[in-house]
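Start with the structure itself, then read the points by topic.

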Amino acid sequence: MARVKIDALRKSYGSAQVIHDIDLDVRDKEFVALVGPSGCGKSTTLRMLAGLEDITGGTISIDDQVINDLDPADRGIAMVFQSYALYPHMSVAKNMSFALRVAGKPKAEIDARVKEAARILHLEEYLDRRPADLSGGQRQRVAMGRAIVRRPDVFLFDEPLSNLDAKLRTQMRTEIKRIHQEVGATTVYVTHDQVEAMTLADRIVIMRGGHIEQAGAPDEVYNHPESEFVASFIGSPPMNLTPAEVADGGLVLEDGTKLPVNLARFEGLSAGDKVTFGLRPDDIVLSGHGMDVNEPWNSKGTVNLSEPLGGETLVFFPFAGSEWIAKMLKPRALKVGEAIDLQFDLSRCHLFDRASGKRINNTK
Ligand SMILES: Nc1ncnc2c1ncn2[C@@H]1O[C@H](COP(=O)(O)OP(=O)(O)OP(=O)(O)O)[C@@H](O)[C@H]1O
Ligand SMILES: [Mg+2]
């Protein structure tokens, strides 16, 4: 069992506060991803969990035991970093067993644990090699092996895949998910790659400026972003967003475009309210090249740019003073400047209060 609980956690460097009273409760065996832009406090939070950084205020507990003052080695936590310094003169097996040998564990036990970790990580045939003779992905697996042999209750990862090329990163992402399913340890995983977070995590925690902006399951943060920030951060390509004003019978955009959004579905709006209107690229389709649309609003556009991705094509088109993105399922080739018919599914739109950036809740 390892439930990790953070209460009112705070961190200041001198007079600069970088973590502002965050609360987070990670269930036993849960995989939580911390995401957010550079400098938002992801690594600092993780390092406080690991005990590598003093905490300024608040508590961290594991299974109801406060661990604020516990030595890093006594926390039952193992951390895997982005730069995994392996010992170059040691074999893979020796690298993996290093911590256990320092701790004076019996040889038979060390051998068994290394063998087990090598099996999980598909490293059995490389145990006698030096790190220099491995690929980047294999080295990263050795770094994970060093953590796994310690049999920690909690794994912490700080951007473990960002040094790898795109293809390897996707492969290792799948590996990490598989390893988590097999090992089952509570995991907190830091990344600024929201796709990595979406695919790996049971729950995503979006941080911004030392605060938690939203925490929820991947589909929850995708479908119900609590703020404009989360809406723009989660999802690739990002949500289309534009300023709008509430009027009779719908919204008016800044260029005068009227959108017949059914505003009765949203709470507490009145004429003249300034909002941000958001619609994901998935919810704007080229007529005849998409799914059924619930509340279609038809518009004409021209192609600025298209990005064929194989199964679908992203279509960039000018709309309401900026460039928007639509998705073309069942794609055909498009020409720059070509006229297209678009269908916006207004039933899927998101509205945010323009001043606070907070979501305006819809009732259904
Ligand atoms: N030792 C330090 N002294 C002063 N400020 C620090 C120190 N370490 C980190 N910070 C500041 O704390 C804030 C959070 O840093 P942190 O490393 O946690 O960000 P991050 O979310 O991990 O970013 P990245 O995605 O770039 O790794 C930043 O503004 C950073 O400049
Ligand atoms: Mg960091």
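Which residues touch the most other members of the largest nonpolar core? They are Met96, Met144, Ile204, Ile206 and Ile234, in a core of 46 residues. The model is a predicted one. Its chain has 364 residues, and buried residues make up 48% of them.

**Overall build**

- The secondary structure comes to eight helices and 21 strands.
- The C-alpha trace spans about 75 × 50 × 35 Å along its principal axes.
- The chain has an accessible surface of about 17000 Å². Carbon and sulfur atoms account for 49% of that surface.
- Take the contacts between residues at least 6 apart in sequence: 68% of them join residues at least 24 apart.
- The chain carries 44 positive and 51 negative charges. Their mean positions lie 5 Å apart.

**Nonpolar cores**

- In soluble globular proteins, nonpolar side chains tend to be buried together.
- Met144 is one of the residues with the most contacts to other members of the largest core. Leaving aside residues up to four places away in sequence, Met144 touches Val80, Leu121, Phe157, Met172, Ile176 and Ile179.
- Another core lies apart from the largest one and has 30 residues. Among them are Leu286, Leu334, Ile340 and Phe344.

- Helix 1 covers residues 42-50 and is mostly covered, with seven of its nine residues buried. The buried residues are Lys42, Thr44, Thr45, Leu46, Met48, Leu49 and Ala50.
- In helix 2, the buried residues are Val92, Asn95, Met96, Ser97 and Leu100. Met96 is also among the residues that touch the most other members of the largest core.
- What do the buried residues of helix 2 pack against? They pack against helix 3 (107-120) and helix 4 (136-148).
- An α-helix has 3.6 residues a turn, so residues three or four places apart point the same way.
- Glycine 104 follows helix 2, and its phi is positive, near 75°.

**Phenylalanine 81**

- Phenylalanine 81 lies in the loop between strand 6 (77-80) and helix 2 (92-102).
- Is phenylalanine 81 buried or partly exposed? Its relative accessibility is 33%, so it counts as partly exposed.
- Phenylalanine 81 touches Arg47, Leu52, Gln140, Asp158 and Pro160, not counting residues up to four places away in sequence.
- Serine 162 is 81 residues from phenylalanine 81 in sequence. In space, the two are 9.9 Å apart, C-alpha to C-alpha.

**Strands and sheets**

- Strands of a sheet pair through backbone hydrogen bonds, either parallel or antiparallel.
- One open sheet has five strands in the order 13-12-11-14-21, with antiparallel pairing.
- Strand 13 (258-259) and strand 21 (350-353) stand at the edges of this sheet. Each has a single partner strand, so one side of each is left without a neighbour in the sheet.
- Strand 14 (residues 274-279) runs antiparallel to strand 21, and four bridges join them. Phenylalanine 277 has leucine 351, in strand 21, as its bridge partner.
- Strand 9 (residues 203-208) and strand 10 (residues 211-216) also run antiparallel, joined by five bridges. Arginine 208 has histidine 211, in strand 10, as its bridge partner.
- Strands 9 and 10 form a hairpin with two residues between them. Glycine 209, in the turn, has a positive phi of about 55°.

**Backbone exceptions**

- Most residues other than glycine have a negative phi, and most peptide bonds are trans.
- Alanine 8 has a positive phi of about 45°, although it is not a glycine. Alanine 8 lies in strand 1 (residues 4-13). It is partly exposed, with a relative accessible area of 30%.
- Lysine 330 is not a glycine either, and has a positive phi of about 45°. Lysine 330 lies in the loop between strand 19 (322-329) and strand 20 (339-345). Its relative accessibility is 58%, so it counts as exposed.
- Where is proline 237? Proline 237 lies in the loop between helix 8 (228-233) and strand 11 (240-247). The peptide bond from serine 236 to proline 237 is cis, with omega near -5°.

Notes
Residues numbered from 1 in each chain as written. Chains lettered and ligands numbered in written order. Predicted model: local features only at pLDDT ≥ 70, side-chain atom pairs only at ≥ 80, totals over all residues. Heavy atoms only, no water. Core = buried A, V, L, I, M, F, W, Y, C linked by side-chain atoms within 4.5 Å. Buried < 20%, exposed > 50% of the residue type's maximum accessible area, 1.4 Å probe, protein only. Contact = heavy atoms within 4.5 Å. Areas by Shrake-Rupley, 256 points an atom, 1.4 Å probe, with all protein chains shown as cover. Lys, Arg positive; Asp, Glu negative; His and termini not counted. Charge placed at Lys NZ, Arg CZ, Asp CG, Glu CD. Pairing = 2+ DSSP bridges.
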